[in-house]
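Subject: Structure for your review

Dear colleague,

Please find below the structure I was asked to pass on to you. My notes on what was found in it follow.

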Amino acid sequence: MQAGDVVGGRYRLDRELGRGGFGVVWAAHDETIGRAVALKVLSEEKAGDEEAVGRFIREARTVGLLSNPHIVTLFDYGRVQDGARSTHYLVMELVRGRSLAQVMREERPEPAVALRWVRQICKALDAAHRNGVVHRDIKPENIMITEGGEAKVLDFGIARLLSQPAAGGLTSTDVVIGTPVYLAPECWAGGRIDGRADLYALGVVLYQLCTGRRPFNADQAVTMMYAHLHEPPPPPHTADPALDRLILQLLAKRPEDRPADAAEVRHRLRDLRVLRELKGAGDPEALRQRADDAWRRGAAGSPERAVEQLVALIPRFARAFGPADLRTLRTCHDLALWLARSGRPRAAVALLRELLPALDGHPRAREDVGRDLERWERESAGAEPEPDRPLALAELLDGSAQGG
């Protein structure tokens with residue numbers, strides 16, 4: 001396949017986004033609906049592999065069960081017959097952004113931002129587990145951070161329905177399913193696997209986000225297996241003992257010693273956020289410096305990073321100065337500008353429209369917002385629909401836009 005080809009009579013391939021062991025992912029255009037999509041095509045080498053085809057179809061059926069803003073949305077599944085050769089494909093929401101793996105390679109995110117992402121991953125896992133689906137490959141490569149600063153879980157290709165017979169951690173060829181660095185002990189041991197295996201993998205991701213390193217490192221799979229099965233992880237030593245306890249509980253060897261479910265993990269992380277933010281909420285100078293740092297990041301060519309920081313920062317401004325304070329509202333204005341420059345002009349317009357009446361008592365600030373609103377209304381007129389919903393002003397001010 002190449003750019004310009006039309007798959008299934010409606011999906012025009014634009015450019016290749018990436019390829020892996022099972023297939024190629026393309027940015028494409030749905031000519032029937034008129035929207036940008038991601039099209040995942042099973043590779044030619046795997047088209048005749050029964051297990052690979054089964055995994056591909058299983059991904060379509062599994063993701064089709066799930067509906068959550070933090071899980072990539074599946075739009076379509078199809079198969080194209082070209083003579084004796086068939087091509088299987090999935091059509092999914094096109095998520096613009098970076099993988100969490102890429103984010104972590106570039107820089108360790110601020111704790112408040114990292115914990116917000118993990119809470120959003122917990123929402124995705126809670127939705128999956130409630131529908132009887134275990135992901136089985138939670139890792140930074142399978143988590144996307146959108147241009148709007150939201151986390152989305154991808155790649156349910158090896159997920160398993162809990163209603164299916166438990167096959168432990170092995171395929172029919174006795175190959176361990178999953179990525180060794182993130183595999184729970186029961187996956188290595190061939191034990192019963194449920195949602196707590198995903199929580200263990202999430203614990204590894206959270207450990208990395210908080211410390212900048214993995215709890216276990218090994219050159220060989222057998223050594224990694226031994227570490228997961230028998231070695232205690234080094235204490236993470238974060239700034240919050242309650243966070244340390246949660247991470248170590250997620251990494252418990254026995255599933256029954258881990259938190260009961262993803263909802264519990266999310267609630268415990270939310271409590272940590274409240275405690276941490278209240279401690280520093282009244283320091284105006286620290287808040288101003290953080291806002292300035294977000295602006296510098298955006299100006300240096302990282303508008304997505306500026307959005308991430310400002311979404312986490314605005315509730316602190318609201319608590320420290322009040323939601324109607326000019327400092328708080330100007331920070332919301334900054335967020336709107338970086339939303340626009342990160343490719344979300346419609347989200348920027350929605351936020352600027354909400355800001356206008358809130359600035360009735362501040363004529364100069366209102367004039368600035370009105371000018372930017374006019375500009376981005378023009379810019380967004382011909383823009384494609386944006387996958388992420390707009391950020392409501394009230395949600396930003398009380399912190400609920402952070403996905404907690």
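Is Cys332 buried or exposed? Cys332 counts as buried, at 0% relative accessibility; here buried means under 20% relative accessible area, exposed over 50% and partly exposed in between, with a 1.4 Å probe and protein chains only.

Before the details, two remarks on the basis of these notes. This is a predicted model, in which local features need pLDDT of at least 70 and side-chain atom pairs count only at pLDDT 80 or more, while totals for chains, interfaces and linings use all residues. Residues are numbered from 1 along each chain as its sequence is written, and side-chain values use heavy atoms, with hydrogens and water left out.

Overall composition

The protein has 14 helices and 11 strands; these are DSSP runs numbered from the N terminus, helices being H or I of at least four residues and strands E of at least two. Of its 404 residues, 52% are buried. Among contacts with a separation of 6 or more, 61% are between residues 24 or more positions apart, where contact means heavy atoms within 4.5 Å.

Cysteines

A disulfide is a covalent bond between the sulfur atoms of two cysteines. The structure holds zero disulfides, a disulfide being counted as a pair of cysteine sulfur atoms within 2.5 Å. Cys187, like Cys332, is buried, and its relative accessible area is 6%.

Helix packing

Two packed helices are described by the angle between their axes and the distance between the axes. The axes used here are lines fitted to C-alpha atoms, for helices over the stretch in contact, and angles run from 0 to 180 degrees between N-to-C directions.

Helix 10 (residues 303–321) and helix 11 (residues 326–341) have axes that come within 9 Å and cross at roughly 165°. Helix 10 is therefore roughly antiparallel to helix 11; angles under 35 degrees count as roughly parallel, over 145 as roughly antiparallel, 65 to 115 as roughly perpendicular and the rest as oblique. Their crossing is left-handed, which means that the near helix is turned anticlockwise from the far one by less than a right angle (clockwise would be right-handed). On the helix 10 side, the residues that meet helix 11 include Leu310, Ile314 and Phe317. By class, the residues of the contact are 13 nonpolar, two polar and three charged; Ala, Val, Leu, Ile, Met, Phe, Trp, Tyr, Cys and Pro count as nonpolar, Asp, Glu, Lys and Arg as charged, and the others, Gly among them, as polar.

Helix 11 also packs with helix 9 (residues 284–299), the axes coming within 11 Å and crossing at roughly 20°. Helix 9 and helix 11 are therefore roughly parallel to each other, and this crossing too is left-handed. Trp295, Gly298 and Ala299 of helix 9 make the contact with Asp334, Leu337, Trp338 and Arg341 of helix 11. These residues divide into four nonpolar, one polar and two charged.

Helix 10 has a further partner in helix 3 (residues 111–130), where the axes come within 9 Å and cross at roughly 100°. Helix 3 is thus roughly perpendicular to helix 10. Ala112, Val113, Arg116 and Trp117 of helix 3 contact Glu308, Gln309, Val311, Ala312 and Arg316 of helix 10. This contact has five nonpolar, one polar and three charged residues.

Individual residues

Most residues other than glycine have a negative phi. Arg136, although not a glycine, has a positive phi of about 75°. Arg136 sits in the loop between strand 8 (133–134) and strand 9 (143–146) and is buried, with a relative accessible area of 13%. His237, also not a glycine, has a positive phi of about 55°. The place of His237 is the loop between helix 6 (221–230) and helix 7 (241–250), and His237 is exposed at 63% relative accessible area.

Val6 belongs to strand 1 (residues 6–7) and is partly exposed, with a relative accessible area of 42%. Leaving aside neighbours within four places in sequence, Val6 is in contact with Tyr11, Arg12 and Glu31. Arg346, in helix 12 (residues 345–358), is partly exposed at 35%; Arg346 and Glu386 are 40 residues apart in sequence and 7.3 Å apart in space, C-alpha to C-alpha.

Yours sincerely
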